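Biologist: I have not worked with this structure before. Could you please take me through it?

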Amino acid sequence: MKKLFTNDKFFLAMTLCAVVASALNVLLGLFVWGLGLADCCSVLICFGCVVVLYSSYKKHSKNVMKGMMGALLMNLLLGSITNFSIFGQEETAFLVSSLILNVVLFVNHFIINSDHHSSPCMVKMNQIIAGLNVLFYIIWNAFSICFEPSALNVIASVLNALGMCGLVISIVCVESRLDAYRLDREAAGWTEEKGYPENYVHQKDR
């Protein structure tokens with residue numbers, strides 16, 4: 001699982017899923033469903049943050065990456081809370097599951113980044129939660145299609161599933177990559193007191 005989440009091609013594919021699906025969802029909302037920009041605000045924020053997250057990853061701007069991950073995780077958490085006021089009691093089990101998963105991802109992000117040391121166990125937990133989140137979004141949108149099998153709802157549900165899965169996995173890919181950097185430098189002899197060992201070559205320079 002670690003190799004998958006630290007694979008650059010996989011990360012790019014998930015980023016494209018999130019970005020393209022989000023863009024198409026906004027266009028669908030504006031020009032088909034008749035929604036206003038304010039109604040698409042959450043999706044637009046995710047769209048911008050994912051683009052910046054990938055750009056900062058390519059530029060090795062670690063502090064920007066951490067900030068974007070925090071913003072995306074907060075958006076996911078707020079979305080899970082808001083859903084309670086949108087959907088009925090029959091969806092409660094799904095809504096509670098989503099909320100718990102996103103709370104754990106959100107809290108775990110700050111635990112992982114609370115110091116400069118690697119946290120492979122916590123990152124592994126995030127990878128598992130990302131997998132469960134993907135399963136949740138697929139099932140959730142599959143049920144949506146079953147309840148309303150119209151062409152527009154099928155398109156919207158597929159886009160929503162792709163966008164949300166890509167978003168969650170993109171976040172965990174960056175988290176996994178940052179932890180891989182920490183593991184690499186610790187294996188080379190890095191400590192918080194002494195810093196980097198002599199002749200250490202940073203990942204971005206390899």
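Biologist: To begin with, does Cys 173 count as buried or exposed?

Modeller: Cys 173 counts as buried, because its relative accessibility is 2%. Buried means under 20% relative accessible area, exposed over 50%, and partly exposed in between, with a 1.4 Å probe and protein chains only. Please note that this is a predicted model: local features need pLDDT of at least 70, side-chain atom pairs count only at pLDDT 80 or more, and totals for chains, interfaces and linings use all residues. Residues are numbered from 1 along each chain as its sequence is written, and side-chain values use heavy atoms, leaving out hydrogens and water.

Biologist: And is Cys 121 buried or exposed?

Modeller: Cys 121 counts as exposed, because its relative accessibility is 65%.

Biologist: How many disulfides are there?

Modeller: A search of the whole structure finds 0 disulfides, a disulfide being a pair of cysteine sulfur atoms within 2.5 Å.

Biologist: Changing topic, how many helices and strands does the protein chain have?

Modeller: The protein chain has 7 helices and 0 strands; these are DSSP runs, with helices (H or I) of at least four residues and strands (E) of at least two, numbered from the N terminus.

Biologist: What share of its residues is buried?

Modeller: Buried residues make up 40% of the 206 residues in the protein chain.
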